[in-house]
Protein chains: 2
Amino acid sequence: MPVNKSYHHGNLRTALIQAGLELIAQKGVRALTLREIGAHVGVSRMAAYRHFADKAKLLAAIREAGFEKFAIALETGRDAAGAESIARIRGMGVAYVLFARENPAYFEVMFGSPQESGAPPCEAEKRAFQILESAIAEGQSKGDLRQGNARLMACAAWSLVHGISALKLDQTPFADGLAPVDFVTACSNLLLSGLASNAKK
Amino acid sequence: MPVNKSYHHGNLRTALIQAGLELIAQKGVRALTLREIGAHVGVSRMAAYRHFADKAKLLAAIREAGFEKFAIALETGRDAAGAESIARIRGMGVAYVLFARENPAYFEVMFGSPQESGAPPCEAEKRAFQILESAIAEGQSKGDLRQGNARLMACAAWSLVHGISALKLDQTPFADGLAPVDFVTACSNLLLSGLASNAKK
DNA sequence: ACCTGAACACCGTTCAAGT
DNA sequence: ACCTGAACACCGTTCAAGT
């Protein structure tokens, strides 16, 4: 992502992304207007067009920045969980939900607006999934996870934490009073151990 | 007395919901305009205000209709799966993802736009979750599912299928060429059996 | 009651022009 | 090069009026 120094401001491009983020956090993507972003950084409502072809491009830039932050959050959560592979996977799951909780504006742009047809996933987005799939494969090679299609297992793990994040289950009565971290940990443990009484086939 | 075809005595409300749905399916909620809905049913752009206080209320009506259809789809999927409790739960999961796939417009309105603060979940929405939680409790009482917090287990199951639906994983290369039903079934089996090699604790 | 056109305060975006 | 105001074609919504 190129840094674009503007004439009158230190870095208008970055300022626009930041302002967009703040406005989304306040009122949602739906209420985001280019005019308001401009006013927020003290610039004409047309200044944004110097750096972004249109509103969609600005959103795409926010989206990309979000996925980069997201991928780092996943790696941090994984590494903070120690060396045990199951703990590392669970650490990523917790980091996923906490990221959504703490960065609702980013999460909304990253996953909220359906990908316009033809828009390919950005690099950081693909990297985020790779991180998870690698952790699964590592767990398998260590013998901590059952054998099988690692990608499928990654899909299941990803879907679980994404569902919790998207439904904000950790922020509803469904969480049954559990703290977010404990709720996600409990759900993750269910996936790891299985729901069935004869879980180990 | 001649029938004035431009009048929609009584059925305009339903026609507006239906038209809204079709337009959302074509271009997404974001591009939905009251004016276009009106034109679509051959009515002035203000006619909608006879039946809905504003655009948000129309969307809420679509949302509610969606959840009603959704709850029925879950029950149908459950009952079609037979009497075995694990098969019934899996049947609901498959129905969940298939509903999202076959009714993207409904799904987008139901879950896409974040609940405006203060908007309580509609009856059908709560019923849908109740159906799932009951199926879990039934599986426990039959001894097919492990004991434990049924609500938490329902959250995990719900999140898994919601994540698949929201990320449209069954419609991406992540599905690894599996048919949607097979992909969801495989993911559901992973949750039921567990990812860990020592799944049965 | 049910529907309508005109009008208002917003949008995103284009354009020609200012510095 | 970078930024601006005026202008255009849209929105949702209000209002007074038509049938």
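# Salt bridges, ring pairs and a DNA strand

In chain B, the side chains of B:K142 and B:E138 form a salt bridge, with 3.9 Å from N to O. The model examined here is a predicted one. B:K142 has a relative accessibility of 47% and therefore counts as partly exposed. B:E138 is also partly exposed, with a relative accessible area of 30%. In chain A, salt bridges with shared partners connect A:R78, A:D79, A:R88, A:E138 and A:K142 into one network.

Over all chains, the structure contains 20 salt bridges. One of them joins the side chains of B:D170 and B:R101, at 3.0 Å from N to O. B:D170 sits in the loop between α7 (150-167) and α8 (180-193) of chain B, while B:R101 belongs to helix α4 (residues 85-102) of chain B, so this pair ties together parts that are 69 residues apart in sequence. The surroundings of the two partners can be described by their accessibility. B:D170 is buried, at a relative accessible area of 6%, whereas B:R101 is partly exposed at 33% relative accessibility.

A further salt bridge brings together the side chains of B:E133 and B:R151, at 3.6 Å from N to O. Here B:E133 lies in helix α6 (residues 123-141) of chain B and B:R151 in helix α7 of chain B, so the parts that the pair ties together are 18 residues apart in sequence. B:E133 has 16% relative accessibility and is buried, because buried means under 20%. B:R151 has a relative accessible area of 22% and is partly exposed.

Aromatic rings also form pairs. The count over all chains is 19 aromatic pairs. One of these consists of A:F129 and A:W158, whose ring centres are 4.7 Å apart; with 45° between the planes, the pair is tilted. A:F129 is part of helix α6 (residues 123-141) of chain A and A:W158 is part of helix α7 (residues 150-167) of chain A, so the pair ties together parts that are 29 residues apart in sequence. A:F129 is buried, with a relative accessible area of 3%, and A:W158 is buried, with a relative accessible area of 9%.

In chain B, the rings of B:F70 and B:F111 make an edge-to-face pair, with 6.3 Å from centre to centre and 80° between the planes. B:F70 lies in helix α3 (residues 55-80) of chain B and B:F111 in helix α5 (residues 104-112) of chain B, so this pair ties together parts that are 41 residues apart in sequence. Both residues, B:F70 and B:F111, are buried. They also belong to a cluster linked by ring pairs, in which the other members are B:F67, B:Y96, B:F99, B:Y106 and B:F107.

The last topic is the DNA. Sorted by class, the surface near DNA strand C has 9 nonpolar, 4 polar and 4 charged residues.

A polar side-chain atom of A:Y49 is 2.8 Å from a phosphate oxygen of DNA strand C. For B:R50, an N or O atom of the side chain lies 3.1 Å from a base nitrogen of DNA strand C.

Terms used:
Residues are numbered from 1 along each chain as its sequence is written. Chains are lettered from A and ligands numbered from 1 in the order in which they are written. This is a predicted model: local features need pLDDT of at least 70, side-chain atom pairs count only at pLDDT 80 or more; totals for chains, interfaces and linings use all residues. Side-chain values use heavy atoms; hydrogens and water are left out. A polar contact is a pair of N or O atoms within 3.5 Å; within protein, one must be able to donate a hydrogen and the other to accept it, and residues adjacent in sequence count only if both atoms are side-chain atoms. Ala, Val, Leu, Ile, Met, Phe, Trp, Tyr, Cys and Pro count as nonpolar, Asp, Glu, Lys and Arg as charged, and the others, Gly among them, as polar. Rings of Phe, Tyr and Trp (its six-membered ring) pair if their centres lie within 6.5 Å; planes under 30 degrees apart count as stacked, over 60 as edge-to-face and the rest as tilted. Helices (H or I, at least four residues) and strands (E, at least two) are DSSP runs, numbered from the N terminus. Buried means under 20% relative accessible area, exposed over 50%, partly exposed in between (1.4 Å probe, protein chains only). A salt bridge is a side-chain nitrogen of Lys or Arg within 4 Å of a carboxyl oxygen of Asp or Glu.
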